[in-house]
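Hi,

Here is the structure I promised to pass on to you.

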Amino acid sequence: MATRPMTDKDAANEAFRQEVRQFLADHFPPELKGKGNPMAGVESDLRETEAQKRWRAAMGSKGWGTPTWPAAYGGGGLSRGQAAILNEELARAGAYNPIGGMGVMMFGPTLLEYGNEQQKQEHIPPICRGEIRWCQGYSEPNAGSDLANLQTTAEDKGDHYLVNGQKTWTSGGQWADKCFCLVRTDRSDKHKGISFLLIDMKAPGVEVRPIRMISGLSPFCETFFTDVKVPKENLVGREGEGWTIGKRLLQHERTNLSGGGSMARMMGPRLSDLAKKYRETDADGALADKVLRDRIADFEIRWGAFLLTARRATEESKAQGGVSEISSVLKKLGTKLGQERAELTIEIMGLQGLGWEGEGFSDAELSGVRAWLFGKATTIYGGSTEIQSNIIAKRVLGMLDHQ
Amino acid sequence: MAVLSEEQEMLRNMAREWVANESPVAKFRAVRAGGEPRAYDPAAYATMAQMGWTGVIIPEAFGGYDFGWLSAGMIVEELGKTVTASPLVATTLAAAAIVLGGSDEQKARWLPQLASGAVIGTLAIDEGPHHNPRTLATTVAGGALTGTKAFVHEAHDATLFVVAAADGLYLVEGAEGTVDVATRHLADMRSHAQVTFSGAAAQKLEHGGDDLLDKVLDRARILTACEMLGMAQQVFDTTLGYLKQRVQFNQVLSSFQALQHRMADLFGDLAMMRSAVEGGLQALDSGVMVPQAAALAKAEANRVLHTISREGVQLHGGIGMTDEYDIGFYLKRARVLEASWGTTSFLKDRFATLSGY
């Protein structure tokens with residue numbers, strides 16, 4: 001291909017790339033090279049080293065952890081092109097983005113769309129700086145797939161709401177500072193009686209109990225609200241608008257669950273590399289077990305098609321603006337494939353891949369077991385696979401229920 | 001759908017409009033009723049050539065438009081939607097072989113005529129009912145090619161054959177006495193033939209490297225997958241439309257959750273197939289990881305079209321079993337294309353080998 005002359009835009013991009021490189025040279029602590037973001041997971045407590053803290057502060061003050069959010073609220077204010085350059089340079093330097101969690105993935109984008117000016121000024125900048133951890137108060141014991149059946153009430157007391165009820169599956173609830181919560185402000189209408197309320201997890205009357213899961217971990221909690229006073233200004237949107245706002249947030253959640261966030265974290269080495277390490281190969285380096293080889297290829301082809309689908313959805317949403325109902329398709333496909341991958345991983349390793357704790361197992365083997373079990377939640381949370389199928393059929397394909 | 005340039009969008013819309021207005025499935029029924037072994041309408045192909053579709057991947061210097069593979073693939077996808085019969089795919093692949101492996105003389109001799117639609121070309125590779133390009137008995141001695149090729153697509157009107165011999169690819173012109181075309185009727189009612197070359201004059205394609213055949217086959221896999229994508233999309237849309245209007249138990253079928261979830265599953269499969277096929281076209285245009293992308297594209301096309309064509313008949317119920325209804329055409333064509341240029345097991349084996357396991 002012929003070399004294109006450099007345009008003004010190219011020159012500006014090049015200047016920005018140099019700015020990022022200089023920033024990384026000045027601020028990225030070399031000892032963190034190749035490390036992951038301690039804030040990205042919901043599975044672990046946030047205990048930062050000094051270097052991690054410095055790196056978070058440096059990125060936070062630039063707003064580059066949330067590169068495309070408006071600079072007026074502490075975001076980077078970058079174009080998508082600049083954000084892509086930033087990501088490339090971070091990857092080149094082996095640096096992680098230290099700003100993450102539910103505030104970045106779900107709550108922030110939703111508040112930017114539905115919050116009032118005062119709420120954006122108050123809540124967005126601490127998310128951009130990675131100073132505040134948010135958790136999600138959606139599910140209840142009797143409101144799982146039927147989320148709109150939620151019963152936690154917020155009673156209007158004039159200058160404040162009085163909140164009573166129980167939430168469950170509160171991811172990272174034991175470490176969160178604040179909770180974005182769906183509450184009932186009106187008993188007479190199932191959907192229009194729901195409101196979107198922000199609750200301080202340190203407020204009197206909030207109690208959190210971690211739930212021990214089949215993986216042995218406790219990433220989820222039960223959260224109890226007993227006469228918790230919540231200021232009126234913490235209502236996002238109008239009373240009764242909670243279902244609309246809450247569903248929008250779920251689209252952001254699904255996009256993250258399928259594509260970038262948790263799926264990527266569950267991915268280890270390629271299955272074929274793992275198989276070549278744990279299983280015999282023949283003279284030309286191919287897997288000797290041809291049935292297993294076929295099943296790995298079968299999986300890798302579908303996984304490749306899924307990654308291409310995630311990329312295509314990103315390109316299309318760029319062209320059309322914002323997340324869409326396609327997020328349901330991605331969530332459904334990505335979580336199913338992720339589970340299939342975890343099962344294949346164990347099969348490849350044999351009993352060595354089922355170690356629970358103690359000697360005789362590598363760290364990767366032990367964490368793989370926990371990831372396999374934790375991964376069973378992915379087709380349940382964020383709207384189960386069955387709920388995603390309902391959404392696809394009704395909203396995307398226009399297949400309506402019995403009339 | 002991939003994000004398209006303005007030029008590509010125009011081309012796609014033109015193809016979509018022409019296929020919908022000028023080449024509905026009824027046209028294929030008429031071709032079938034005519035019973036000609038060529039199994040397409042030459043007037044329709046002449047129109048395609050006039051619209052420039054035969055020259056999409058041919059360089060401008062040789063009478064083409066050089067629009068790239070994504071453009072070619074979008075046209076073929078549209079044609080697949082109405083099972084439009086034509087030698088466009090076969091001719092495009094013959095042209096691709098010459099673009100990749102031809103000398104300047106060979107390009108100047110053939111590409112302008114392929115681009116204009118004056119010459120119909122096709123690939124003659126496999127020698128049995130299974131795609132097996134590693135074992136070829138066809139030989140060339142003193143410029144004369146001898147061998148038998150099985151189930152050659154669109155051979156009846158082809159005057160240019162791109163033939164695989166044990167030592168490479170050759171151009172052979174159809175000629176009485178040395179090239180014999182014997183019709184093989186397959187379930188899809190399209191043009192298939194056993195072609196016997198008996199000392200036919202052959203010119204080698206000397207350029208394009210030792211893996212020229214693989215490169216041509218990668219293009220065959222991806223372009224065939226495009227036709228399959230159009231078919232899968234159409235079967236899905238037709239089935240969805242049917243479920244929305246067919247009433248049983250006083251309810252439209254689309255209101256039953258068992259059927260809703262099956263359609264949601266197929267919708268996800270179709271999304272993956274589209275991504276894989278468009279990814280293959282984009283790989284051809286960028287030249288990155290083409291062999292893997294081609295194996296992935298056709299493996300996904302095989303998997304998903306197989307499922308959708310089977311489910312399409314089932315979800316239509318009894319009417320899907322009738323010849324009067326179109327859905328059966330897609331089922332029969334699907335199986336022919338699944339077996340062409342690599343079954344799923346062939347493609348998985350190739351993908352694993354290319355990936356080093």
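Below are my notes on the interface and on the aromatic pairs.

A word on conventions first. This is a predicted model, in which local features need pLDDT of at least 70 and side-chain atom pairs count only at pLDDT 80 or more, while totals for chains, interfaces and linings use all residues. Residues are numbered from 1 along each chain as its sequence is written, chains are lettered from A and ligands numbered from 1 in the order in which they are written, and side-chain values use heavy atoms, with hydrogens and water left out.

Let me start with the interface. Chain B brings 40 residues to the contact and chain A brings 43 residues (contact means heavy atoms within 4.5 Å). About 3200 Å² is buried between the two chains, 62% of it from carbon and sulfur atoms; buried area is the accessible area (1.4 Å probe) that two parts lose on being put together, summed over both. On the chain B side, M272(B), K348(B) and Y357(B) lose the most area to chain A, together 24% of what that side buries.

K348(B) also forms a salt bridge with D294(A), with the closest N and O atoms 3.3 Å apart. As for the helices (DSSP runs of H or I, at least four residues, numbered from the N terminus), α7, α8, α9 and α11 of chain B each supply at least two residues of the side that touches chain A. The largest share, 17 residues, comes from α8(B).

Now to the aromatic rings. Over all chains there are 22 aromatic pairs; rings of Phe, Tyr and Trp (its six-membered ring) pair if their centres lie within 6.5 Å, and planes under 30 degrees apart count as stacked, over 60 as edge-to-face and the rest as tilted. F23(A) and W64(A) make an edge-to-face pair, 4.9 Å centre to centre with 70 degrees between the planes. F23(A) sits in helix α1 of chain A and W64(A) in the loop between α2 and α3, so the pair ties together parts that are 41 residues apart in sequence. Both F23(A) and W64(A) are buried (under 20% relative accessible area, with exposed over 50% and partly exposed in between; 1.4 Å probe, protein chains only). These two also belong to one aromatic cluster with F16(A), F28(A) and W55(A).

Best wishes

Definitions and conventions: Salt bridge = Lys/Arg side-chain N within 4 Å of Asp/Glu carboxyl O.
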